Amino acid sequence: MGKRVGIEVSLAVAEAVKLCDVDVVSAYPITPQTHIVEELSHYVANGDLDAAFIPVESEHSAMSAAVGSSATGARTYTATSAQGLALMHEIMFIAPSMRLPIVMTIANRSLSGPISIWNDHSDIMAERDTGWIQIFCENGQESFDLTICAFRIAEDKRVLLPVGVNMDGFILTHMIEPIEFMDKAEVKAFLPDYKPQLTLNPKKPVSMGPVGVPEVYMEAKKQYEQALWDSKDVVKEVLAAWGKHTGRKYAMVECNGKKKAKTVFVTMGSLGETAMTAVDNLIAAKQDVGQVRLRLWRPFPKEEMKKALKDAAKVVVIDRALSPGGVCGPVATEIKSLFYGDKNAPKIYNIVAGLGGRDVSVKDFEEMYALAKGGKIKDDYVIWGVKSNA
Amino acid sequence: MLRDVDLSGYQKITGKNVPRESMVASGHRACQGCVEVLAMGMVTRAVGKDCIVCNATGCMEIITSSFPQTAWKTPWIHVAFENAGAVASGIEAALTAMTRKGKRKGPLPTVLAFAGDGATADIGLQALSGALERGHKFIYVCLDNEAYMNTGVQRSSSTPFGATTTTSPAGKKSIGQSTRKKNLPAICAAHDIPYVATCSPAYHLDLMNKVRKAMAVDGPAYLHIYSVCPTGWGCKPEIGISLAKLAVETNVFPLYEVIGGRYNITKKVAKPKPVLDYLKVQRRFRHLAESDVAGIQKQVDDSWAYLNALAAAFPAPKEKGGAKEEE
Amino acid sequence: MSDRAFVAWQKLALGCAILEPGSSAKLKTGDWKSLAPKLDEEKCIKCGKCFTYCPEFCYSEDKNGFFRADLSYCKGCGICANECPTEAISMGKEEK
């Protein structure tokens, strides 16, 4: 077992990437991702990590270079945030379609406009349908752990898909937390060498990224969508193996609070920890409340989520992204459709909170609970904490 | 910005040892008389099998990779329109890192990027600039057919003055393309890279030897290849090569190289033909009045004078006899 | 769409890659042409310009040193005839 060190989470993530002995890092700086890639370039400069660091001229090129590198057979990493992720958007679809196991950290930050460097999930929600495996971390230790797990998931030959590891910008990236590290040998024992299936190799020429004529486009999509669904079992396996290896156990969907609680919060990302404190407080005040934390956003763990919510009468889904003009926020949309047609469906409330770095406190969760319990949320979704004259 | 360039590894092609195998197979779907695919094939003949090709979206990508068949005999990747420079950077970085780490063996294959003029001069200029500035060892080939042909002949910044296209149409109040062709070789040379050259498939040995020099230098190389498009230019398909020759003989498209900032005009035209000879065989210039042609002649003369002044001020060293010749 | 078959998704190579290099050779583009090149061996000096400038890469040298077009790929553009220095190639109706 490794030692526990107080360290900024970004640096811990960089350490995880170094321990995974990546071959290529291609990255462009953007707040709040910068500390991760700065640290990695220092590792390369000092010889602590034997990798090519490509200081690309944009995020579009960061992802494009990552695609070229991964297609050549190199273990490839990149990281970005917000506008950078949006600039990658076009290539985000292409990496999974080519079945390239790139790992990317997304230091979640709100998208302009207005321009904001602070946290919400609008950046990754715009990438929801790209075909990436999308994992959300709740704290620093998870960010370290799941970064290593991400490589093993991505490179599993049943998967071969890129993985995005989401961590809330500033709230996690710039926080100093006690993190338990591992040494290189321990990581090597957990993470096998990457054995690519198809590469750009003159000894065995293949053509990658050909024109998807109408006779094949849908089949090409189906192939990688199926791989995405199949990755769920691999995620489960890898998390279990990690638990065995380190003693730190994770699941795609995790529950806390009262068992079979009447009112249940659903959270994703670092807000889970705030909600957890609120739930503990409420339980101490004899309230019937629980919480479900969603760690795997894509592929969506349908059965696990449904099982976790089966006893709830009221579900309060917290979305950290707005879907302007939509029925409700992105997470709530999933949960509502999960229960469509179900006679025992709970009442599902959606609260869109914490946009652009707005604080969401324990007290906020307690207030949300009171409103939900009293059935006082009438709209499809509520934008929490918007100051208004009315 | 001048730098000394080591060309000692240059393996010259002569009339006797011209490599014959194109890495682009027959059965591709290019239009009849496409000089762009011919140029691409010539490049691959000079490079040989040990290469990785990275193709921007465009004519050459769609005509060679229409599922389930590929015309490519070498490894080939297409990602998107504007990122050939970036994808090639990733390939080169991966090869270098994996070689150093013992994950692959042997000499590095040539990394070759192909892109059209739109993918180079317009949408892909940033990715190209980044890749050149970072110094990746790769060859970027711009196949310039002077408009967006794949989407139906829309103007690009590489479309010449006076040409009518579907988005710079000639009309009562329009001469057609009203701007002058962007000077991409100059932009690339300004990146202080070891090798930049313009090529024409009508001068195939010159073209293939420029490819060989591009392979020999340590760092990025940029080749700008004039690529006749009978479909987009409105010329007869059989005249592709003679038109390419005419472009050189009229100084419309001069052939030169920039080696570490030093210029060498590789095809000096003693008595240039009038530009009119070049313009009149193409439908895209048919609307031009006599005075327009005179204006274009002046542009061509000015550009030619500028190039010659550069070559006089910064002459490239004479090619040494030491260049190895293949048998 | 007629010259392509549907492929079951399970049968696609990883990431829809194409594994057979140069497989476009299966597509016989020769039926695009209206005119075909014809070589007059008397006039031919075996310079190979037809080979050099053929955009279909369909010329190859035979055992007697003549360069011959594979008409199953030739699209009939006429560049070879146009570039032939001795007018040994003429374009005409294909003789089947």
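Me: In this predicted model, how far apart are the closest N and O atoms of the salt bridge between Arg248(A) and Asp145(A)?
Reply: Arg248(A) and Asp145(A) form a salt bridge in this predicted model.

Me: Are Arg248(A) and Asp145(A) buried or exposed?
Reply: Buried means under 20% relative accessible area. Both Arg248(A) and Asp145(A) fall in that class. The answer for the pair is buried.

Me: How many salt bridges does a search of the whole structure find?
Reply: Side chains of opposite charge can pair when their charged atoms come close. The search covers all chains. The total is 43.

Me: Which residue forms a salt bridge with Asp342(A)?
Reply: Asp342(A) lies in the loop between helix H11 (330-338) and strand E15 (347-352) of chain A. Its partner is in helix H10 of chain A, 36 residues apart from it. The side chains meet at 3.1 Å, N to O. The partner is Lys306(A).

Me: Which residue of the salt bridge between Glu94(C) and Lys33(C) counts as buried?
Reply: The closest N and O atoms of the two are 3.6 Å apart. Glu94(C) lies in the segment after E4, and Lys33(C) in the segment before strand E1 (36-39) of chain C. At 27% relative accessibility, Glu94(C) counts as partly exposed. At 12%, the buried residue is Lys33(C).

Me: Where is Leu239(A), and is it buried or exposed?
Reply: Leu239(A) is part of helix H8 (residues 214-246) of chain A. Its contacts include Leu146(A), Cys149(A) and Met252(A). Its relative accessibility is 6%, so Leu239(A) counts as buried.

Me: What distance separates the C-alpha atoms of Leu239(A) and Tyr250(A)?
Reply: Tyr250(A) is one of the residues that Leu239(A) touches. The two are 11 residues apart along the chain. Their C-alpha atoms are separated by 5.9 Å.

Me: What is the relative accessible area of Ala82(A)?
Reply: Ala82(A) is in helix H4 (residues 82-97) of chain A. Its phi is positive, about 35°, although it is not a glycine. Ala82(A) is buried, with a relative accessible area of 0%.

Me: Is Glu87(C) buried or exposed?
Reply: Glu87(C) is not a glycine, although it has a positive phi of about 55°. It is in the loop between helix H2 (79-83) and strand E4 (89-92) of chain C. Exposed means over 50% relative accessible area. Glu87(C) has 60%, so it is exposed.

Me: What is the omega of the peptide bond from Phe67(B) to Pro68(B)?
Reply: Pro68(B) is in the loop between helix H2 (59-64) and strand E3 (76-78) of chain B. The peptide bond to it from Phe67(B) is cis. Its omega is near 5°.

Me: How far apart are the end C-alpha atoms of helix H1 (residues 35-47) of chain B?
Reply: This helix has 13 residues. At 1.5 Å a residue, it should span 18 Å. The model agrees, because the end C-alpha atoms are apart by 18 Å.

Me: How many residues of H1(B) are buried?
Reply: H1(B) is followed by Gly48(B), whose phi is positive, near 90°. H1(B) is largely enclosed by the rest of the structure. The count of buried residues is 13 of the 13.

Me: What area is buried between chain B and chain C?
Reply: The size of an interface is often given as the accessible area lost when the parts come together. Here 37 residues of chain B are in contact with 35 residues of chain C. Carbon and sulfur atoms give 57% of the buried area. That area is about 2900 Å².

Me: Which residues meet in a salt bridge across the interface of chain B and chain C?
Reply: The rule finds 1 salt bridge across this interface. The distance is 2.4 Å, N to O. The residues are Arg20(B) and Glu61(C).

Note on methods: Residues are numbered from 1 along each chain as its sequence is written. Chains are lettered from A and ligands numbered from 1 in the order in which they are written. This is a predicted model: local features need pLDDT of at least 70, side-chain atom pairs count only at pLDDT 80 or more; totals for chains, interfaces and linings use all residues. Side-chain values use heavy atoms; hydrogens and water are left out. Helices (H or I, at least four residues) and strands (E, at least two) are DSSP runs, numbered from the N terminus. Buried means under 20% relative accessible area, exposed over 50%, partly exposed in between (1.4 Å probe, protein chains only). Contact means heavy atoms within 4.5 Å. The expected span of a helix is 1.5 Å times one less than its number of residues. Buried area is the accessible area (1.4 Å probe) that two parts lose on being put together, summed over both. A salt bridge is a side-chain nitrogen of Lys or Arg within 4 Å of a carboxyl oxygen of Asp or Glu. Lists of a residue's contacts leave out its neighbours within four places in sequence.
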